[in-house]
Protein chains: 2
Amino acid sequence: MYFKLYGLWFSINPKLYSIVNKVIYGKCQTDRLGKYTLDRQGKNTIYTPPLARLIEQLQLLPGVGPKTAQRLAMHLIKRPEKDVHALAQALIDAKKQVGLCKVCFHLSAEPVCSICRNQNRDRTTICIVADSRDVIALEKTREYRGLYHVLGGTISPMDGIGPEQLHISSLVQRVTKEQVKEVILAISPSVEGETTTLYIGQLLKPFTKVTRIAFGLPMGGDLEYADEVTLARALSGRRELD
Amino acid sequence: MYFKLYGLWFSINPKLYSIVNKVIYGKCQTDRLGKYTLDRQGKNTIYTPPLARLIEQLQLLPGVGPKTAQRLAMHLIKRPEKDVHALAQALIDAKKQVGLCKVCFHLSAEPVCSICRNQNRDRTTICIVADSRDVIALEKTREYRGLYHVLGGTISPMDGIGPEQLHISSLVQRVTKEQVKEVILAISPSVEGETTTLYIGQLLKPFTKVTRIAFGLPMGGDLEYADEVTLARALSGRRELD
């Protein structure tokens, strides 16, 4: 990195360059690859400002780096104005309208979600999951016809998340007040997930039957390549052939 | 796929199911994986409608499938309203404000882009590229200090794109009217790209010096694994050691 000051060129470390730039021009910006997309006047010479702002905003999305953000922005710029407005409107509407169901805490645009409102579902079974994404994954199987309860996370003392931060008290109320015959725990088997499963299991056992989903070899999985913990779980969870 | 009609269950082919559904309920929708995300009443039971619309809109982006769209939507829903509005606004602003530079046809928020306006650049050299993305790629090298001319595509009779559909007449005007000493052709070496290069080369040779960028082994590339065409190009493009 070279640096021109009062007509003389200096060789300079890029980190230092950015600091010097900040001191002199009051602003300095590098893209995520560490490339300098601003010239010495603090002006972006590569992207025109509205495009630069769009790329910056797109980069905040998960899994979107500078290259993908550029590709998306270039694609959007070339689409008709109507389509771009539709996307912007969908973003604003989704954020404004979607909240949590007051019964099960699943994402919902109405006070009570469509699953809780559906009278054809089995109201005596509640499946407990950590996140709304898990509800969607389970719904896609089209196998489960009961209700859900979304905890909003797992017990993780390291992150300051105790049972009070999760929707557990409302779950206990549901189980004790409504006629719940079975509670199915469907929480991912991480350390935090196991803790949460054990905690809720102990809490609800006095009131109802508590089960948890099976862990074992995934469908299409190869026994030879499965890890030891999965295989041990598959062995201990074996059941009689019917 | 099973289908209940007048209290009886029928086994039915999924394609047929969707047609029957359309006939009976007037609407039917499947997601891109072919899963049925709508129930028999035509209601989406998996995503709440504003979220479904957002996922649908995100899926229109290049390289974004149903899974990524869901992940992005879930992430956006959980971000503060301010951030979501910033993204929506950036989208609208970029589309509204960014047009083409009237000199070089690069993307620009002003009538003449910052590259064409920059008086420190070498105004006697013009680099011809197919797309605005190529300008950005070349600008990132920080090696080239001349001007650009964006064609807006390559000659492709198959797609009905002839020289008239590209910004070629304005290029000839620039070369003949301004003092241009060199024109550098930087177009990707596809069949269409080669055609365009040859066409423009023939067109501009009477007026100025015409060069094209080098093709050969990429930096960090392995000679052993390079394809024959690249190697042949690297051989024919050899130059004396200096």
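This is a predicted model: local features need pLDDT of at least 70, side-chain atom pairs count only at pLDDT 80 or more; totals for chains, interfaces and linings use all residues.

User: What are the helix and strand counts of chain A, and what share of its residues is buried?

Analyst: Helices (H or I, at least four residues) and strands (E, at least two) are DSSP runs, numbered from the N terminus. By that rule chain A has 9 helices and 8 strands. Buried means under 20% relative accessible area, exposed means over 50%, and partly exposed lies in between, with a 1.4 Å probe and protein chains only; 40% of the 242 residues of chain A count as buried. A contact means heavy atoms within 4.5 Å, and among the contacts in chain A with a separation of 6 or more, 42% come from residues 24 or more positions apart.

User: Which residues of helix 7 of chain A are buried, and why do they line one face of the helix?

Analyst: In helix 7 of chain A, residues 169-177, the buried ones are A:S170, A:L171, A:R174 and A:V175. Viewed down the axis of helix 7 of chain A, these residues fall within an arc of 135 degrees, and so they line one face of the helix; the arc is that of the directions from the helix axis to the C-beta atoms. The exposed residues A:S169 and A:K177 are on the other side of helix 7 of chain A. As for partners, the buried residues of this helix pack against strand 5 (122-129), strand 6 (146-150), strand 7 (182-185) and helix 8 (191-204) of chain A.

User: How should I read two helices that pack across chains?

Analyst: Two packed helices are described by the angle between their axes and the distance between the axes. Axes are lines fitted to C-alpha atoms, for helices over the stretch in contact, and angles run from 0 to 180 degrees between N-to-C directions. Helix 4 (residues 81-97) of chain A and helix 3 (residues 66-78) of chain B have axes 9 Å apart and pack at an angle of about 55 degrees. These two helices are therefore oblique to each other, given that angles under 35 degrees count as roughly parallel, over 145 as roughly antiparallel, 65 to 115 as roughly perpendicular and the rest as oblique.

User: Which residues of helix 4 of chain A and helix 3 of chain B meet?

Analyst: A:L91, A:A94 and A:K95 from helix 4 of chain A meet B:L76, B:I77 and B:K78 from helix 3 of chain B. For helix 3 of chain A and helix 4 of chain B, the axes come within 9 Å and cross at roughly 55 degrees, and here A:L76, A:I77 and A:K78 meet B:L91, B:A94 and B:K95.

User: Is B:R121 buried or exposed, and which backbone oxygen does its side chain reach?

Analyst: B:R121 sits in the loop between helix 5 (114-117) and strand 5 (122-129) of chain B, and with a relative accessible area of 5% it is buried. The side chain of B:R121 reaches the backbone oxygen of B:Y144 at 3.2 Å. Apart from neighbours within four places in sequence, the residues in contact with B:R121 include B:I115, B:E139 and B:Y148.

User: Where does A:S108 lie, and what is it in contact with?

Analyst: A:S108 belongs to strand 4 (residues 107-108) of chain A and counts as buried at 4% relative accessibility. Leaving aside neighbours within four places in sequence, A:S108 is in contact with several residues, among them A:Q97, A:C113 and B:T48.

User: Which residues other than glycine have a positive phi?

Analyst: Two cases can be set side by side. A:F105, with phi near 65 degrees, is in the loop between strand 3 (99-100) and strand 4 of chain A and is buried, its relative accessible area being 17%. A:R142, with a positive phi of about 60 degrees, is in the loop between helix 6 (132-141) and strand 6 of chain A and is partly exposed, with a relative accessible area of 41%.

Conventions. Residues are numbered from 1 along each chain as its sequence is written. Chains are lettered from A and ligands numbered from 1 in the order in which they are written. Side-chain values use heavy atoms; hydrogens and water are left out. A polar contact is a pair of N or O atoms within 3.5 Å; within protein, one must be able to donate a hydrogen and the other to accept it, and residues adjacent in sequence count only if both atoms are side-chain atoms.
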